[in-house]
Amino acid sequence: MGVPQPIETERPRAPRLPFANAWFFPAAAIYAAAILPASVLMMLGLLPTFPGLATPAGHAHEMLFGFALAVVAGYLLGPQPQRFTLTLLGCWLVARLGFLCWPGSWLAIGGSLLFAVGLLWKVVPRFLGAAKKWRNQTVAPVVVGLGLVSLLASLGLDSSGPWRVPALLLFALLLFFMGGRIIAPAVAGHALSEGRRLDARVQPHIEGGVLLLLGCALGLSLLPWAPAERMVGGLLVGAGALCTIRLLRWQPWRCRKRPDLLVLLLGYAWLALGLLLLGIALGTGKVPLGGMLHALTVGALGSLTFGVMARTHLLYCLRDANAKPWIHPFALFISLAAVARLLAPALSAEPQSWLLFAASCWSLAFAALAVLLLRTRKPPRRSIGQPHEA
């Protein structure tokens, strides 16, 4: 009779860490639905004004460093211990409260500093250490730049908002790179499901060219040199043209049956148009800059963040990006808001009506997204749609 062998039992797997987007995406959607229309009403004198929203610069600050940076954090952080995620979210909330009520105070600066440090600590090593190609390492310096600019903008020394163009170019860099890395495999997968092959996927030469053009434009935008603005404009026009070529090579007209992809492609189209319009405004000096900025901030930033949050959340929770088809048409309201903001400066007769219309469309879209995120909220089962580190 042999010696009995010990029974091998499978070790229990450690529970997967929850994704940071489970907290940051709803917070960003709710904040977007509330703060943008509130700031418009305050600037029009229809609501009592928070000190931080007394100027258009404050409005831009909260759209970029309040709303958009929360989306960036939710997407790039990936799985994190819940205690860390909630702590970082608390820092973001403190920064928001501080800037709205006491801009330039230690509360605003401290909250922004802690939030930026926590985000950089977790995100930068993932992309800087793992990436081998220079294009794939772009995320790390861009996130560092966003953290630094957000901190400087919270110092209260920005009454005219001189950080707006550099900050917007940093977000444009991130939207171009990360948006392309989401759209390219998704469109290619859709083509494969229809028995087609999409050869133009990442398009590394176009991607590298746009990254270089935007990087040079960002560097020139920091120089206190008058001709630099014209050079920035030329670079942005070139970047917008290449971005348009990249978008057309994805053949968006073949994605009619995939509303989740149409939302992302619409946002990418706004990115290309926004770069072209901003480039023309800076290059000629004859087009109002304020209106052109909204093609990027409302059109591109709004549409792409809406599409990424909705698609990522539905893939996590329901394993189907189109499981809730009612959400995707709301992205059209963001485009309506962008068009209204572009037309408002030219329509001097009733500009306030257009501003209120744009704010209402934006708020409706993100309120619907917040409802989706909260009603379908449950722990994700697998890691889909997270940014690649290669």
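**Exercise 1.** In this predicted model, the side chains of Arg311 and Asp260 meet in a salt bridge of 3.0 Å, N to O; determine which helices hold the two residues and how far apart in sequence the tied parts are.

*Solution.* Arg311 belongs to helix α10 (residues 289-318) and Asp260 to helix α9, so the pair ties together parts that are 51 residues apart in sequence. Helix α9 spans residues 259-284.

**Exercise 2.** Classify Asp260 as buried or exposed, and list its contacts beyond four places in sequence.

*Solution.* Step one: Asp260 has a relative accessible area of 1%. The class buried requires a value under 20%, and therefore Asp260 is buried. Arg311 is buried as well.
Step two: leaving aside neighbours within four places in sequence, Asp260 is in contact with Arg311, Ala321, Asn322 and His328.
Step three: a side-chain polar contact of 3.0 Å links Asp260 to Arg311, and another of 2.9 Å links Asp260 to Asn322.

**Exercise 3.** Describe the packing of helix α6 (residues 164-193) against α9 by axes and angle, handedness and residue class.

*Solution.* Step one: the two axes come within 10 Å and cross at roughly 145°.
Step two: the crossing of α6 past α9 is left-handed.
Step three: the contacting residues include Leu168, Phe176 and Ile183 of α6, and Leu261, Tyr268 and Leu278 of α9.
Step four: by class, this contact has 15 nonpolar, 3 polar and no charged residues.

Methods
Residues are numbered from 1 along each chain as its sequence is written. This is a predicted model: local features need pLDDT of at least 70, side-chain atom pairs count only at pLDDT 80 or more; totals for chains, interfaces and linings use all residues. Side-chain values use heavy atoms; hydrogens and water are left out. Helices (H or I, at least four residues) and strands (E, at least two) are DSSP runs, numbered from the N terminus. Buried means under 20% relative accessible area, exposed over 50%, partly exposed in between (1.4 Å probe, protein chains only). A polar contact is a pair of N or O atoms within 3.5 Å; within protein, one must be able to donate a hydrogen and the other to accept it, and residues adjacent in sequence count only if both atoms are side-chain atoms. Contact means heavy atoms within 4.5 Å. Axes are lines fitted to C-alpha atoms, for helices over the stretch in contact, and angles run from 0 to 180 degrees between N-to-C directions. A crossing is left-handed if the near helix is turned anticlockwise from the far one by less than a right angle, and right-handed if clockwise. Ala, Val, Leu, Ile, Met, Phe, Trp, Tyr, Cys and Pro count as nonpolar, Asp, Glu, Lys and Arg as charged, and the others, Gly among them, as polar. A salt bridge is a side-chain nitrogen of Lys or Arg within 4 Å of a carboxyl oxygen of Asp or Glu.
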